[in-house]
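Biologist: Could you take me through this model? I would like to begin with its charged side chains.

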Amino acid sequence: MPSPFPGMDPYLEQPTFWSSFHSRLIVAIADAIEPQLSSEYYVEVETRTYQTMSVSVNERYLEVREMVTDEVITVI
């Protein structure tokens, strides 16, 4: 039987597996872009938590910051 959701990977859609995939991907992206930045900047992996009804959701994201001032330049 063909998938009823073409283009979707049900393995990645399961929350148990998606969290691990996203964590590994965000670190891989940070590792890939950091060598391309000038020495004035660095990359940090950050986490924010918010509530959706009764569920607590943790999201990881990247911040590119200025070395001297620690100012956020961009968020990925």
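Modeller: The side chains of Arg65 and Asp70 meet in a salt bridge, at 3.4 Å from N to O; the term denotes a side-chain nitrogen of Lys or Arg within 4 Å of a carboxyl oxygen of Asp or Glu. This is a predicted model, in which local features need pLDDT of at least 70 and side-chain atom pairs count only at pLDDT 80 or more, while totals for chains, interfaces and linings use all residues. Residues are numbered from 1 along each chain as its sequence is written, and side-chain values use heavy atoms, with hydrogens and water left out.

Biologist: Is Arg65 buried or exposed?

Modeller: Arg65 counts as buried, because its relative accessibility is 16%. Buried means under 20% relative accessible area, exposed over 50%, and partly exposed in between, with a 1.4 Å probe and protein chains only. Asp70 is partly exposed, with a relative accessible area of 38%.

Biologist: What is the relative accessibility of Glu63?

Modeller: The value for Glu63 is 8%, and therefore Glu63 counts as buried.

Biologist: Which backbone oxygen lies 2.5 Å from a polar atom of the Arg65 side chain?

Modeller: That is the backbone oxygen of Asp70. The side chain of Glu63 also makes a polar contact with the side chain of Arg65, at 2.7 Å. A polar contact is a pair of N or O atoms within 3.5 Å; within protein, one must be able to donate a hydrogen and the other to accept it, and residues adjacent in sequence count only if both atoms are side-chain atoms.

Biologist: What else does Arg65 touch?

Modeller: Not counting residues up to four places away in sequence, Arg65 touches Glu40, Tyr41, Tyr42, Glu44, Asp70, Glu71, Val72 and Ile73. Contact here means heavy atoms within 4.5 Å. For Glu63, with neighbours within four places in sequence left aside, the contacts are Tyr42, Val43, Glu44, Glu46, Val72, Thr74 and Val75.

Biologist: Where do Glu63 and Arg65 sit in the fold?

Modeller: Glu63 lies in strand E2, residues 55-66, and Arg65 is placed in strand E2 as well. Helices (H or I, at least four residues) and strands (E, at least two) are DSSP runs, numbered from the N terminus.

Biologist: How does E2 pair with strand E3?

Modeller: E2 and E3 (residues 72-75) pair in the antiparallel sense over three bridges; two strands pair if DSSP finds at least two bridges between them. Glu63 stands opposite Val75 in E3. The hairpin of E2 and E3 has five residues between the strands, and in this hairpin Asp70 takes a positive phi near 65°.

Biologist: What is phi for Met53?

Modeller: Phi of Met53 is near 55°, a positive value in a residue other than glycine. Met53 lies in the loop between E1 and E2, and is exposed, with a relative accessible area of 79%.

Biologist: Back to charges: how many salt bridges does the structure hold?

Modeller: The structure holds three salt bridges. One of them joins the side chains of Glu59 and Arg48, at 2.8 Å from N to O. Glu59 lies in strand E2 and Arg48 in strand E1 (residues 41-52), so the pair ties together parts that are eleven residues apart in sequence. Glu59 is partly exposed at 27% relative accessibility, and Arg48 is partly exposed at 41%.

Biologist: And on the nonpolar side, which residues form a patch on the surface?

Modeller: Trp18, Phe21 and Leu25 form a nonpolar patch, with about 270 Å² of accessible area together. Patches are made of residues with over 30% relative accessible area and no salt bridge; like charges are joined within 9 Å, and nonpolar side chains (Val, Leu, Ile, Met, Phe, Trp, Tyr) within 5 Å. Accessible areas come from the Shrake-Rupley method with a 1.4 Å probe, and for residues only the protein chains shown count as cover. Phe21 is found in helix H2, residues 15-33, and is partly exposed at 34%.

Biologist: In what order do the elements run from the N terminus on?

Modeller: The order is α-α-β-β-β.
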